[in-house]
Amino acid sequence: MQGVLKKGAKAAGTIAFLKNPFSWITAGILLLLTSLFGFALFISISLGGENQLESGMSGEGAGGTAQVSSEVMRYEPLIRKYAEQNGVGEYVGLILAMIQQESGGRELDVMQSSESIGLPPGAITDPEYSIQVGVKHFAEVMKQAKGDVNIALQSYNFGDGFIGYALERGGYSKEVATQFSHRMAAREGWSRYGDVNYGATRS
């Protein structure tokens, strides 16, 4: 008998809950919040890689991938525009990797290209102009390097003098880059010269 009374009380409580509009509103709000949380979690997981987008590199000698930040990736349309204008459209991914190496997309002279036109470091304060100058310079060193991407990359960091130096020694290698760096550092009286690993940006 006591069990029957308990079941009856439970059933009565359920009916009272269902008849109460406030209960329905509360349940609806909880359901909505749960759905929104689930949706937000899905979006977060889906876009979680936005800060570390993987940009594929295409074209001869430009194989591989590079982890590129969202700060750099926002410049992709400008890079593509000037890369196509300068005949290096297949190297958009590579140029993105260069910007990641140069500034991480967090400086106005995003390609650190001021020095390539005889200006002091960081003199360019317009990101688009930095990309315009930097991509043009990259296209020029690519031609001088006879299409050798590693030599072109390293010369972007070392200067055009590295191109002839590397070609005379059979092409790019870290050893050649290190030798050139030591030579230039000694000439300039500096403790170091450039980044000897720059030519491996595409790896």
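The model is a predicted one, and its chain holds nine helices and two strands. Of the 203 residues in the protein chain, 34% are buried.

**Overall fold**

- Among the contacts in the protein chain with a separation of 6 or more, 43% are made by residues 24 or more positions apart.
- The accessible surface of the protein chain amounts to about 11900 Å², and 58% of that surface belongs to carbon and sulfur atoms.

**The largest nonpolar core**

- In soluble globular proteins, nonpolar side chains tend to be buried together.
- In this model the largest nonpolar core has 41 residues, and the residues with the most contacts inside this core are Ile-95, Met-111, Ile-131, Phe-138 and Phe-162.
- Six helices each supply at least two residues of this core, namely H4 (76-85), H5, H6 (127-144), H7, H8 (161-168) and H9 (174-188).
- Leaving aside residues up to four places away in sequence, Phe-138 touches Val-88, Tyr-91, Leu-94, Ile-95, Met-98, Ala-152, Leu-153 and Tyr-156.

**Helix H5, a mostly covered element**

- Helix H5 spans residues 92-102, and nine of its eleven residues are buried, where buried means under 20% relative accessible area.
- The buried residues of H5 are Val-92, Gly-93, Leu-94, Ile-95, Leu-96, Ala-97, Met-98, Ile-99 and Glu-102; among them, Leu-94, Ile-95 and Met-98 are touched by Phe-138.
- Just after H5, the backbone at Gly-104 takes a positive phi of about 65 degrees.

**The largest pocket**

- Rolling a probe the size of a water molecule over the atoms shows where empty space is left.
- The largest pocket has a volume of about 430 Å³ and is lined by 17 residues, of which Gln-112, Glu-115, Tyr-156, Asn-157 and Phe-158 lie nearest its centre.
- Helix H5 and helix H7 (149-158) each supply at least two residues of the lining, and H7 gives the largest share, which is four residues.
- By residue type, the lining divides into four nonpolar, nine polar and four charged residues.

Terms used
Residues numbered from 1 in each chain as written. Predicted model: local features only at pLDDT ≥ 70, side-chain atom pairs only at ≥ 80, totals over all residues. Heavy atoms only, no water. 1 Å grid on protein atoms, 1.4 Å probe; cavity = no way out; pocket = protein on both sides within 12 Å on 5 of 7 lines; lining within 4 Å. Points joined across faces, edges and corners; volume = space filled by probe spheres on them. Nonpolar A, V, L, I, M, F, W, Y, C, P; charged D, E, K, R; others polar. Core = buried A, V, L, I, M, F, W, Y, C linked by side-chain atoms within 4.5 Å. Buried < 20%, exposed > 50% of the residue type's maximum accessible area, 1.4 Å probe, protein only. Contact = heavy atoms within 4.5 Å. Areas by Shrake-Rupley, 256 points an atom, 1.4 Å probe, with all protein chains shown as cover.
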